[in-house]
There are 2 protein chains.
Amino acid sequence: MTRQIRFNAFQMNAAGHQSPGLWTHPRDTSHRYTDPDYWIELAQLLEAAKFDAIFLADVLGVYDVAGGSVDAALRGGVQVPLADPLALVPLMAGATKHLGFGVTATLTYEHPYTFARRASTLDHLTRGRFGWNIVTGYLDSAARNLGLDRQLGHDERYDLADEYLDVVYKLWEKSWDDDAVVRDKASRVYTDPSKVHEIRHEGTYFRVPGIHLSEPSPQRTPLLYQAGTSPRGVQFAARHAECTFVSGPTKEVVKRNIAQLRAAVGTAGRDPRSLLVYAQALIVTGATEEEAQAKYEDYRRHIDVDAAIALLSGWTGVDFTRYAPDATIEYIDSEAGRSALASFSKADPSRTWTVRAAAEFIGLGGRGPVIVGTPEQVADALIAWQDETDADGFNLAYALPCESMHDVARHIVPELQRRGRYRRDYEEGTLRHKLFGRGSRLPVEHPGRLVAID
Amino acid sequence: MTRQIRFNAFQMNAAGHQSPGLWTHPRDTSHRYTDPDYWIELAQLLEAAKFDAIFLADVLGVYDVAGGSVDAALRGGVQVPLADPLALVPLMAGATKHLGFGVTATLTYEHPYTFARRASTLDHLTRGRFGWNIVTGYLDSAARNLGLDRQLGHDERYDLADEYLDVVYKLWEKSWDDDAVVRDKASRVYTDPSKVHEIRHEGTYFRVPGIHLSEPSPQRTPLLYQAGTSPRGVQFAARHAECTFVSGPTKEVVKRNIAQLRAAVGTAGRDPRSLLVYAQALIVTGATEEEAQAKYEDYRRHIDVDAAIALLSGWTGVDFTRYAPDATIEYIDSEAGRSALASFSKADPSRTWTVRAAAEFIGLGGRGPVIVGTPEQVADALIAWQDETDADGFNLAYALPCESMHDVARHIVPELQRRGRYRRDYEEGTLRHKLFGRGSRLPVEHPGRLVAID
């Protein structure tokens with residue numbers, strides 16, 4: 001069969017995600033994020049369009065690097081106000097049958113014992129459609145509000161993350177045997193105690209002696225997403241991730257990233273094809289090329305450069321408000337700032353990258369490409385991206401959260417289906433089975449299956 | 001108007017709650033707790049019967065006092081396996097319009113900064129129907145799995161709880177002004193930064209410098225439930241609680257408890273009537289007295305005494321498996337054990353209280369009365385309970401989680417409505433407004449409104 005293109009919807013339980021300023025567009029509906037009907041409608045739209053999943057980003061802090069305060073982020077609606085993404089899962093699950101849910105949860109800020117139960121519960125209530133995007137946290141402001149002076153060092157965060165995963169794997173995979181819950185009314189045995197095991201975990205960061213509180217859910221371990229990009233992050237993702245995201249403005253950059261990721265997965269002793277890679281992209285389409293282009297220009301006019309600089313500053317840790325918007329790399333007096341701007345230049349050397357240019361670039365759809373055109377042109381581009389980069393699919397950012405997804409559902413999905421590059425129906429079964437076709441459980445060679453309890 | 005009787009449904013996201021062994025009944029459906037449709041059906045039933053709320057108990061540990069292991073709890077399905085109650089709220093909220101949600105969350109095990117966002121999110125997604133049952137935790141097994149050797153001392157837990165509430169009050173009530181979110185598209189201001197305030201909390205247990213991440217939800221502070229019974233617990237409840245639960249087998253005991261609670265609320269500077277008190281009860285009804293009595297006897301035959309002893313041991317911290325089931329108080333060689341058995345005897349001196357008798361008593365519907373009879377008899381009894389004890393309503397335990405609620409909805413609610421003692425329709429508005437008729441916010445004299453930020 002021809003290789004299929006997969007879609008994830010990249011969203012956040014907040015008014016602004018990755019297109020700062022677009023909330024000012026007359027057709028924007030993103031302020032409805034506090035309205036349950038908004039999420040039910042969106043989930044049903046995505047399911048009708050056979051998306052793999054809705055993927056919910058999260059941060060537990062604020063973007064307060066720009067100007068040393070949260071003011072620019074507040075003014076520009078940059079991922080604040082912000083709500084808990086996990087609460088959306090049961091709501092959307094109740095209104096859908098197949099759509100998957102990939103949710104970001106920062107592991108440094110919740111104990112694995114309580115998080116394991118939260119995740120098992122969501123996997124039960126979604127009937128096996130819950131995925132966890134493992135994040136180690138990148139905002140100092142989050143750490144400060146949780147009583148720490150600053151977050152752990154970068155590599156130490158990953159050491160803690162490895163142990164955290166050991167704990168939750170033990171709880172999810174090893175504490176309850178498949179046949180532990182017997183519910184034998186005659187003998188009055190709900191659970192056979194000989195088939196439930198204390199995990200007796202004693203590590204550097206965590207000590208968890210007991211049993212998992214929840215019985216095994218359909219997938220046991222939720223589908224694991226992770227998107228580390230540093231060397232230590234890639235090593236972590238190669239060990240644990242079943243799905244990942246890459247973002248780069250050009251096919252060359254994305255192709256190189258994907259090749260590195262698959263190689264790292266192989267080095268970790270897993271099948272390189274057992275990692276599904278979604279490349280970030282924003283699709284802007286219309287009936288004619290002119291209409292699509294006009295829509296793109298209209299969106300671009302709503303980018304808020306100050307808000308985009310607040311986002312860029314938060315991501316990089318560099319206060320870019322200290323420089324003139326037209327400053328090029330020579331005028332940046334910090335190593336981190338030069339490195340951040342150089343990454344844009346490296347990805348696309350055809351342009352001169354100023355602070356403003358970088359902000360405007362991420363200002364529409366974040367760090368991926370914007371693909372503009374008729375449905376035929378967009379389908380051509382997506383197929384070229386997949387064929388040339390080896391991406392399994394796309395993590396679709398939005399300009400306007402509902403309109404962008406509607407446009408893809410109405411115009412792009414049918415065009416890809418006509419070409420045999422997009423499924424017409426969901427498989428039955430859990431999210432993991434839908435994606436890999438090998439049942440609901442982690443593959444036997446995955447570290448989550450290999451973990452042992454004493 | 002004649003005083004109205006209120007109903008709460010007392011449930012848990014687990015197969016067994018307070019009627020250990022009843023899961024073996026042929027008509028039991030409690031194992032469906034992992035099925036989303038189960039909760040949707042239950043929520044819709046309770047809303048049709050105009051219940052105030054579904055109230056979800058929780059523990060974060062296991063009942064491992066009996067026999068020094070979790071085996072008896074596992075075998076008997078005593079609150080294990082167990083899932084996260086918070087995840088049920090958006091699911092049930094999506095299927096209802098008026099029902100309230102009171103959810104237990106143990107504050108010693110989640111940081112107030114993350115919990116505050118979780119609660120704001122649920123209050124948004126329920127359109128102001130979220131209530132929080134504040135619990136400080138009572139199982140050592142929970143503490144051990146969260147990396148502590150044992151839980152904090154009893155009074156220190158309440159000191160920490162007072163500070164925890166200060167932190168969340170500051171986040172919910174003081175961080176965002178009512179008019180902070182302006183969403184002015186023309187001037188590109190989503191939120192006015194001058195109207196969002198850092199809480200700068202520096203205390204004994206917590207340091208939270210920043211702003212609340214979420215914008216104000218309909219109730220801001222969720223409706224507050226708390227049910228402390230120790231002197232320090234009553235003092236805490238009197239300060240914070242808007243709703244509380246009492247459980248006692250006789251009207252005399254419950255009347256005394258309620259009088260003490262209301263007096264403590266007055267001492268704390270609040271209107272004693274600003275606390276709604278729900279008395280725990282189990283209702284068993286049928287078309288005739290004989291039918292109701294036969295149903296009651298049928299339920300009683302399904303009590304699992306070993307499981308009930310596991311529950312009793314967990315609640316009291318006394319391993320009652322060390323004694324013969326027929327042991328009376330004279331044979332109990334521990335102070336705590338004698339005190340636990342004495343509490344039954346004090347509540348109802350008309351019986352001889354053995355370990356088995358105490359276990360069988362809590363084995364059907366927990367520590368409240370079981371009211372058995374025709375709808376007319378039950379209505380008479382409920383009215384007498386309310387009139388004599390000053391309870392505002394009842395926290396209804398179940399024998400079988402759906403059948404018991406169905407019986408109340410079908411038989412008892414219409415009978416009380418005929419007598420003018422039960423509402424026929426919900427008020428519009430948030431949960432707090434439905435209960436108190438004074439708007440969505442905490443009353444101005446509540447400590448949550450009085451808290452100040454520097």
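## A tour of two chains

Start by selecting Val355(B), Ala357(B), Ala358(B), Ala359(B), Phe361(B) and Ile362(B), the buried residues of H12(B). Buried here means under 20% relative accessible area, while exposed is over 50% and partly exposed is in between (1.4 Å probe, protein chains only). Helices (H or I, at least four residues) and strands (E, at least two) are DSSP runs, numbered from the N terminus.

Before you click on, know that this is a predicted model, where local features need pLDDT of at least 70, side-chain atom pairs count only at pLDDT 80 or more, and totals for chains, interfaces and linings use all residues. Residues are numbered from 1 along each chain as its sequence is written, chains are lettered from A and ligands numbered from 1 in the order in which they are written, and side-chain values use heavy atoms, leaving out hydrogens and water.

Now show the whole of H12(B), residues 355-362: 6 of its 8 residues are buried, so the helix is largely enclosed by the rest of the structure.

**Rings**

Stay in chain B and pick Phe10(B) and Phe245(B), which are both buried. Rings of Phe, Tyr and Trp (its six-membered ring) pair if their centres lie within 6.5 Å; planes under 30 degrees apart are stacked, over 60 edge-to-face, and the rest tilted. Over all chains, there are 42 such pairs. Your two rings have centres 6.3 Å apart and planes at 15°, so they are stacked. Because Phe10(B) sits in strand S1 (residues 6-12) and Phe245(B) in strand S10 (residues 243-246), the pair ties together parts of chain B that are 235 residues apart in sequence.

Hop over to chain A and select Phe10(A), Phe55(A), Tyr225(A), Phe245(A) and Tyr278(A): ring pairs link them into a cluster. Then try Arg367(A), which lies over the face of Trp315(A), 3.8 Å from the ring centre. The rule for a charge over a ring is NZ of Lys or CZ of Arg within 6 Å of the ring centre and within 35 degrees of the ring normal.

**Where the chains meet**

Zoom out to see both chains. A rotation of 180° with 0.0 Å of shift along its axis superposes chain A on chain B, with RMSD 0.0 Å; that is the relation of a two-fold axis. Which residue of chain A comes closest to the rotation axis? Select Leu91(A), whose C-alpha is 2.4 Å from the axis.

The area buried between the chains is about 6600 Å², meaning the accessible area (1.4 Å probe) that two parts lose on being put together, summed over both. In chain A, Asn145(A), Arg188(A) and Tyr190(A) lose the most area to chain B.

**Charged pairs**

A salt bridge is a side-chain nitrogen of Lys or Arg within 4 Å of a carboxyl oxygen of Asp or Glu. Across the interface there are 10. Pick Arg117(B) and Asp58(A) to see a salt bridge with its closest N and O atoms 2.7 Å apart.

Glu388(A) is in helix H13 and Lys251(A) in helix H8 (residues 251-267) of chain A, 137 residues apart.

Conventions. Copies are superposed by least squares on the C-alpha atoms of residues with pLDDT of at least 70 in both.
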